[in-house]
Amino acid sequence: MHSRRTVEENEDMECISISHKTAGSADRQKCFISKEKSVDFLKAVMNMDRVDQCVLLSTCNRTEIYVQGEENRFAGLENIMAAAAGSDAAWLRRLVRRYQGKKAVHHLFRVACGMESMVIGEDEILGQVRDAYQYSREAGYTGYELNSIFQAALACAKRVKTETMISKTSVSVATLAANEVFRLPMPHKTVLLMGSSGQMGSIILKDLLGREDICVIATVRSHNGIYQSGSLRVMNVDYQKRYDYLNEADVIISATSSPHYTMTAEQVKKAVNNKKERLFLDISMPPDMDEDIAGIEGCRLVSLDDVKKLAEENNRLKQQALKDAAEILDEDIEKICKVLAFHRFTEENAGWKDKYAGCTAEKLVYLLRDELSTGAFDEVLGALRGN
């Protein structure tokens, strides 16, 4: 059981982050923490000295740990993440970014709002942050501070999406993948889609079916039953027979969470017996497709890292929306920091209501000034003003 920390002990949130901004897909894959492994990972973090609360966010583009307790737990967090990646802390420190206090809060808000995403304004990250927070909350790994901060970040993200253009004409990794299919010159396209019932795959399927010139062959696993798309232009086939449809397909998309390759170069070579051009799109983490497929005649492979290049134009067009979102962030972060400051003050001074009962506002301010440090007084004064 962890003891309660005081204001003087600098009870601030800290975060270590590895993302598409600091690491390529191979390194991100090593740091990715699956849902199954997250149970033991979070227990290891909570067993650290001076850690009271924690949340793990791990997606195809980022792995981040947020903790609350005493300050400067970075070395311990890096050791745990490095061990999970099967490497050492020296390797990890070349990739990691560190955030502390208000900077950590600011980073979380930017992540939740899609401002730190590979595709600025993408929608998936908000749900991923919400799921990560809910998982830790239900496991009992969050308290007042992280609950308040994450709930404020999620609320801010909804406000940003409503009040700015950052998510208008929504673009995501999934929609960018679909756009690659749309750009192909042939008048009619057949797409072999693996992972159509997952989050990314379902978005791709919906986008593809929005075009009349596309038919989809969607793989299903027999133990999962048949995925019903509601469209006559989708043919469901057994996943085990996926290679049988390569000759028919113009595009092969993999968006699964499988730990195994969905396509290997050796099997592709055996299955293909015509010379037409084919596009292979791999938007999974870890990668679903053997990189040697790119060396097969007529086969072009687009990986998750390649999607980063596709996102550049979308990101350039959203620079004004980023400025508008930043103003909302500053406003909401200031509010939550004052809420936390006032909470810390009342926790540290449990009898403050009785002590200052009957005081005028002016007298209360003077009494607080004498009893608090300059920084703490400024924070509480700001909270009392409500600005």
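Buried here means under 20% relative accessible area, and by that cut-off both Glu64 and Arg62 are buried. Keep in mind that this is a predicted model.

**Cores**
- The largest nonpolar core has 39 residues, and Phe109 and Val129 have the most contacts inside it.
- Elements giving two or more residues to this core include strand 1 (13–19), strand 2 (51–58), helix 5 (102–112) and helix 6 (124–138).
- Phe109 touches, among others, Ile149, Cys156, Leu329 and Asp332, leaving aside residues up to four places away in sequence.

**Helix 5 meets helix 6**
- These two helices, helix 5 and helix 6, pack at an angle of about 130°, with axes 8 Å apart, so helix 5 and helix 6 are oblique to each other.
- Helix 5 brings Leu108, Val111 and Ala112 to the contact, while helix 6 brings Ile125, Leu126 and Val129.
- That contact has 6 nonpolar residues, with no polar and no charged ones.

**Salt bridges**
- The count comes to 17 salt bridges.
- Arg73 pairs with Glu14, with their closest N and O atoms 2.8 Å apart, and both residues are buried.
- Arg159 and Asp332 also meet in a salt bridge (2.8 Å, N to O), linking helix 7 to helix 13 across 173 residues.
- Of that pair, Arg159 is partly exposed at 23% relative accessible area, whereas Asp332 is buried at 13%.
- Shared partners join Arg159, Glu163, Glu331, Asp332 and Lys335 into one salt-bridge network.

Conventions: Residues are numbered from 1 along each chain as its sequence is written. This is a predicted model: local features need pLDDT of at least 70, side-chain atom pairs count only at pLDDT 80 or more; totals for chains, interfaces and linings use all residues. Side-chain values use heavy atoms; hydrogens and water are left out. A nonpolar core is a set of buried Ala, Val, Leu, Ile, Met, Phe, Trp, Tyr and Cys residues joined through side-chain atoms within 4.5 Å. Buried means under 20% relative accessible area, exposed over 50%, partly exposed in between (1.4 Å probe, protein chains only). Helices (H or I, at least four residues) and strands (E, at least two) are DSSP runs, numbered from the N terminus. Contact means heavy atoms within 4.5 Å. Axes are lines fitted to C-alpha atoms, for helices over the stretch in contact, and angles run from 0 to 180 degrees between N-to-C directions. Angles under 35 degrees count as roughly parallel, over 145 as roughly antiparallel, 65 to 115 as roughly perpendicular and the rest as oblique. Ala, Val, Leu, Ile, Met, Phe, Trp, Tyr, Cys and Pro count as nonpolar, Asp, Glu, Lys and Arg as charged, and the others, Gly among them, as polar. A salt bridge is a side-chain nitrogen of Lys or Arg within 4 Å of a carboxyl oxygen of Asp or Glu.
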